[in-house]
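Here is a short briefing to read alongside the coordinates. Take a look at the ligand site to begin with, then at one of the helices.

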Amino acid sequence: MTAAADGGLERARRVLALARRVVVLAGAGISTDSGIPDFRGPQGVWTKDPGAERLATLDAYMTDPEVRRRAWQVRLHSPAWEARPNAGHRALVELERDGRLTLLVTQNIDGLHQLAGNDPHRVVEIHGTMRDIVCMRCGARTAAPAVIERVRAGEKDPHCETTFEGANCGGILKSATISFGQQLSVIDLARAQLAVEDADVLLCVGTSLGVYPAAGLVPLALAAGAKVVIANAEATPFDDEAAAVVRGALSEQLPRLVEPIAEGPAAES
Ligand code: NAD
């Protein structure tokens, strides 16, 4: 019998109730109930259109104007701009409020953890954020809405308008997200790894655990003696090594997972 079929939620609740230092590794599955599709799930963007993966590849983005034009249109019409946090995000806020969450490492770029109320200083956006835009030449960083408005007004492939001694930079602009072929922030990765090595529990939510180096936090946690709890609709490569596996929609399961376990009636003497 699998851990999930064998009362995975109850087992996960007990593991979490005993934990004092929990690190969360979140993925796109926590935001699908907010209306943002994941990439690799059954309704995922790449499952339906495998060609879309090219838009998230650094080399293609930097060399092919057509890829950039498509990427800006996808960004312009992203449901994430209007999305609101769901009960799954709010459950992770509860975990922080009761003092157990040491770090929330998210692969998501949508900013919904911070909107839900998690302390931004406790959130590591390991794959960056769609809420900022960065110039790939001069490194200037701006809030996304200003550039998105230029795309809405008709610019197909906006370039950097930062001026240096009167001259326009003109560099290629890109979401401040980490594309395939792009280095993660060394500091973000180190923060995540140190927190995992110091944790009692690594709670993985809504991630297929197929994207590295983020998924590498799971073997790191196991090697450091932490328990791993996985909450995801589908099987992941690490289910067999997890202390508990929870299936079902995260907006329903995460609130149950973090709610305190009621004390039983006092024993009579
Ligand atoms: P993924 O697409 O590889 O996997 C998501 C997993 O979540 C799937 O296994 C799916 O079965 C599960 N899932 C989907 N909805 C669920 C629900 N309601 N309840 C429980 N489980 C559910 O996602 P990933 O592992 O996070 O990696 C994909 C990459 O795509 C990440 O790097 C991330 O940056 C990016 N991404 C981000 C967003 C976002 O910011 N919301 C959305 C799509 C993709």
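How many nonpolar, polar and charged residues does the shell around the ligand have, by class? The shell has 9 nonpolar, 12 polar and 5 charged residues, where Ala, Val, Leu, Ile, Met, Phe, Trp, Tyr, Cys and Pro count as nonpolar, Asp, Glu, Lys and Arg as charged, and the others, Gly among them, as polar.

Please keep in mind that this is a predicted model, in which local features need pLDDT of at least 70, side-chain atom pairs count only at pLDDT 80 or more, and totals for chains, interfaces and linings use all residues. Residues are numbered from 1 along each chain as its sequence is written, and side-chain values use heavy atoms, with hydrogens and water left out.

**Ligand shell**
- The ligand is surrounded by 26 residues, each with a heavy atom within 4 Å of it.
- Gln107, Asp110, His127, Ser208 and Glu234 are the closest.
- Domain 1 (1-36 + 84-127 + 183-269) and domain 2 (38-77 + 128-177) each supply at least three residues of the shell; the bounds come from an automatic or database domain assignment.

**Polar contacts (N or O pairs within 3.5 Å)**
- A side-chain N or O atom of Asp110 is 2.7 Å from a nitrogen atom of the ligand.
- Glu234 places a polar side-chain atom 2.7 Å from an oxygen atom of the ligand.

**Helix H7**
- In H7 (residues 144-152), a DSSP run of H or I with at least four residues, Ala144, Val147, Ile148, Arg150 and Val151 are buried, meaning under 20% relative accessible area with a 1.4 Å probe and protein chains only.

Methods:
Polar contact = N/O pair within 3.5 Å; in protein donor to acceptor, adjacent residues only side chain to side chain. Buried < 20%, exposed > 50% of the residue type's maximum accessible area, 1.4 Å probe, protein only. Helix = DSSP H or I, 4+ residues; strand = E, 2+ residues; numbered from the N terminus.
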